[in-house]
Amino acid sequence: MTNMSLVTTFILMGLPHAPELDTLLFGIFLVIYVLTVVGNLLILLVIIVNPHLHTPMYYFLTNLSFIDMWFSTVTVPKMLMTLVSPEGSPVSFPSCVAQLYSFHFLGSTECFLYTVMSYDRFLAISYPLRYASMMSGRTCAILATTTWLSGSVHSAAQTTLTFRLPFCGPNQIQHYFCDAPPILKLACADTSTVEMVIFVNIGVVASGCFLLIVLSYMSIIHSILKIHTSEGRWRAFQTCASHCTVVLCFFVPCVFIYLRPGSKEAMDSIVAVFYTVMTPLLNPVVYTLRNKEVKKALLKLKDKVVYLQS
């Protein structure tokens, strides 16, 4: 169908908040964004330069850090612009399309990646002696590539469904980035069919990934309970605790926004902060503060930097 859109520019209205909080919120989200980018870059650097971390788990973690760094970059700068512009931040039609595609591409890829990471932990704990052969470098590369390709296809479907509709009137998006639910409210046509297809599309991906993650961790718990030493059980539990923390912080807000009947714009934009701003920050925090190997690698990297400076 040809896009009959007459709207050339959308206006992002940002988070609902009192105007006097503009400066405070700008400062908070700017600091979080800088910490997110620096933290994830640091994880990438540490894993790349440390040969001891060239394992499947950290291979997938580099993918996650790369995604989180860009996932935050796709949304937070626009949010900051809405905070310094009381009348909203303008975004061109093509830029809005690109942002929605990038957001769902990175978000769905991260969803698939969490599933792969849970499968990796399942193999590592349930089949420790065969793990190295089962998760070879080639297997890891195939799994990672599949997550990126699946995310690309999923996002292309979301973007096409959203922007094939005509937009001929209002152009104020009640959000801080271009996302399907608030954009569909601006369409000059019946959106019920498109909303249902998007609902099913996201529902199948989110529920499917979450179900596989739950099944993986049920199997992991079963394997952990068979470990004879309490120290062994504790180490196995610690390995998975950080992953579970990030997964819950990512999936719960997504389910709230995309898989519930009706949509309250103010509530959706506030809840979206958790998985667009907080979850990318949690990744470096959780994986460094709860992981002894990464902390040791960070200390070694710090010692090298100090040595080179002296």
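The model is predicted, so local features require pLDDT of at least 70 and side-chain atom pairs count only at pLDDT 80 or more, while totals for chains, interfaces and linings use all residues. Residues are numbered from 1 along each chain as its sequence is written, and side-chain values use heavy atoms, with hydrogens and water left out. The chain contains 10 helices and 3 strands, and a search of the whole structure finds 2 disulfides.

**Fold and dimensions**

- The order of elements along the sequence is β-α-α-β-α-α-α-β-α-α-α-α-α; helices (H or I, at least four residues) and strands (E, at least two) are DSSP runs, numbered from the N terminus.
- The C-alpha trace spans about 65 × 50 × 30 Å along its principal axes.
- Among contacts (heavy atoms within 4.5 Å) between residues at least 6 apart in sequence, 81% join residues at least 24 apart.

**Surface and charge**

- Of the 310 residues, 48% count as buried. Buried means under 20% relative accessible area, exposed over 50%, and partly exposed in between, with a 1.4 Å probe and protein chains only.
- The chain exposes about 15500 Å², of which carbon and sulfur atoms supply 70%; accessible areas come from the Shrake-Rupley method with a 1.4 Å probe, and for residues only the protein chains shown count as cover.
- There are 18 positive and 14 negative side chains, and the centres of the two sets lie 16 Å apart. Lys and Arg count as positive and Asp and Glu as negative, whereas His and the chain ends are not counted. Each charge is placed at NZ of Lys, CZ of Arg, CG of Asp or CD of Glu.

**Disulfides**

- A disulfide is a pair of cysteine sulfur atoms within 2.5 Å. With bonded cysteines counted along the chain, the disulfides follow the pattern 1-3, 2-4.
- Cysteine 96 is joined to cysteine 178, with an S to S distance of 2.1 Å. Cysteine 96 lies in helix α3 (residues 93-126) and cysteine 178 in the loop between β3 (172-173) and α6 (180-184), so this pair ties together parts that are 82 residues apart in sequence.
- The torsion about the S-S bond of cysteine 96 and cysteine 178 is about -120°, so the disulfide is left-handed. Cysteine 96 is buried at 0% relative accessibility, and cysteine 178 is buried at 0%.
- Cysteine 168 is joined to cysteine 188, with an S to S distance of 2.2 Å. This pair links the loop between α5 (137-163) and β3, which holds cysteine 168, to the loop between α6 and α7 (192-225), which holds cysteine 188, and the two residues are 20 residues apart.
- For cysteine 168 and cysteine 188 the S-S torsion is about -135°, so this disulfide is left-handed. Cysteine 168 is partly exposed at 41% relative accessible area, and cysteine 188 is partly exposed at 33%.

**Other buried positions**

- Cysteine 140 is buried, at 4% relative accessibility.
- Cysteine 209 is in no disulfide, and the nearest cysteine sulfur, that of cysteine 111, is 3.4 Å away. Cysteine 209 is buried, at 5% relative accessibility.
- Threonine 159 lies in helix α5 and is buried, with a relative accessible area of 8%. Not counting residues up to four places away in sequence, threonine 159 touches Val97, Leu100 and Tyr101.
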